[in-house]
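I opened the model and looked up a handful of local features, one entry at a time. The entries follow in the order I made them.

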Amino acid sequence: MSLSIPTPHELATRLATSLAQQSFTASDGSTVRLDATAPGTFEQVLSVVLGLADYETYLFLQGRALEFLPSTATVGPGGLLPQHADIWGVPRVGPQAALGRVVISATQEVSVPQGALLTVDGSVQWALNNAVVLPANGAVSAAVSCTSTGTAGNCAANTPLTLVAPMVGISSVVVDQDGLAGGAESEPVESWRSRIIDKIRNPYNGGTVQDYRAWALSAGASLVHVVPSYTGAGTVGIIIAMSGPRVPTREEIARVQSYIDERRPVRGNATVYGASFVIQTPTVRLGLDNQPNRQKVQAALAAIINGVGIGGTLYVEALQAALFDTVGAQSVLLNPGADMAFAANELPVMGDIQWEDGTP
């Protein structure tokens, strides 16, 4: 049962009622009663002021009571969500630096030292993780990390880079086909809260499916599917996708793998894999075909398809219900015509809807 907080007026009325029940004997022997309902009297001002003060006390107590539960605790001044996280061992995922690989080409043999800085326009820089030696007229793939955290370090595939300190013989530096990814701000509060509550409901249990899922999420993955005996008896497959969703880079997979290896049971043979995206292009015939309806249907079906998750099942009935709720029964879902069960490593992702003309 929630605490009912009286209004300042109700509190002032209570005080006025209490004062009215008090009586005093004046120096002349007459009886004096306090009337806080009389306009402009000291008693009236006192009841209003004390009513407001008591109201603030109620609000404070309500706020503190809400902090006692992880579901309503906050992270602001006086917020107790960090304490809940500390008690249950669920630290917040901090800001992450982008990782990836670049392809360096040279016209002559060149040694590029570890820590050599790369940039696009000087605003963001990436550093080589290890020194590399390039043969004449050759190219080498090198791992790099952004020198700062956050999304600014993410960079699209095939983006040309330059060395901050130019080196003779280097002809080009280009981001490889996976791009530089994984740069992120601090974990959103609601995502952190969800992991704390999940840990309370499912405490560590020696390497269960839930344990591996929690570890992968804590390492930065956004979607996780854990498959026991994935490649044989005694193995565990951990299929992940990153926020977006997008396919994780090799470096992100390695980061999640390292995090899990530090926590898994000694005999746990667990391997992290990137999810394989399966683009979905439903076919729809609208009863009233116009751009607003198309946008509504696109959003409604995307919510269903993108919510299936890795290795899940896409139910036609759910798509039909979303279509009906959005634009009515005169519209028809033509494809898919049957439920779709995806492989353990597959993640359905919404693509463009194929619109069929004609009256249903």
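Predicted model: local features only at pLDDT ≥ 70, side-chain atom pairs only at ≥ 80, totals over all residues.

I began with strand β19 (residues 346–350), where four of the five residues are buried, so the strand is largely enclosed by the rest of the structure. I take buried as under 20% relative accessible area, exposed as over 50% and partly exposed as in between, with a 1.4 Å probe and protein chains only. Helices (H or I, at least four residues) and strands (E, at least two) are DSSP runs, numbered from the N terminus. I then found that β19 pairs with strand β14 (residues 276–280) in the parallel sense over five bridges; pairing requires that DSSP finds at least two bridges between the strands. Within this pair, I279 has V349 of β19 as its bridge partner.

Residues are numbered from 1 along each chain as its sequence is written, and side-chain values use heavy atoms, with hydrogens and water left out.

I listed the buried residues of helix α5 (residues 209–218) as D211, Y212, W215, A216, L217 and S218. These buried residues pack against α4 (189–201), β11 (223–228), β12 (235–241), α6 (250–261) and β13 (269–274); contact means heavy atoms within 4.5 Å. Just after α5, I found G220 with a positive phi of about 115 degrees.

I recorded a volume of about 900 Å³ for the largest pocket. The elements giving two or more residues to its lining are α4, α5, β11 and α6. Of the 42 lining residues, E187, S191, R195, L217 and A221 lie nearest the centre. On a 1 Å grid over the protein atoms alone, a pocket is an open set of points where a 1.4 Å probe fits, with protein on both sides within 12 Å along at least five of seven lines, and lining residues have an atom within 4 Å of a point. Grid points are joined across faces, edges and corners, and the volume is the space filled by probe spheres set on the points.

How many disulfides does the structure hold? I found zero, a disulfide being a pair of cysteine sulfur atoms within 2.5 Å. C146 is in none, and the nearest cysteine sulfur, that of C155, is 9.6 Å away, too far for a bond. C146 is buried at a relative accessible area of 7%, and C155 also counts as buried, at 13%.

I found a cis peptide bond between G244 and P245, with omega about -5 degrees; P245 lies in the loop between β12 and α6. A cis peptide bond also joins N335 and P336, with omega about 5 degrees. N137 is not a glycine, yet its phi is positive, near 55 degrees. N137 is exposed, with a relative accessible area of 66%. N158, also not a glycine, has a positive phi of about 70 degrees and counts as partly exposed at 43% relative accessibility.

I placed N293 in helix α7 (residues 291–305). N293 counts as buried at 13% relative accessibility. Leaving aside neighbours within four places in sequence, N293 is in contact with L286, L288 and V327.
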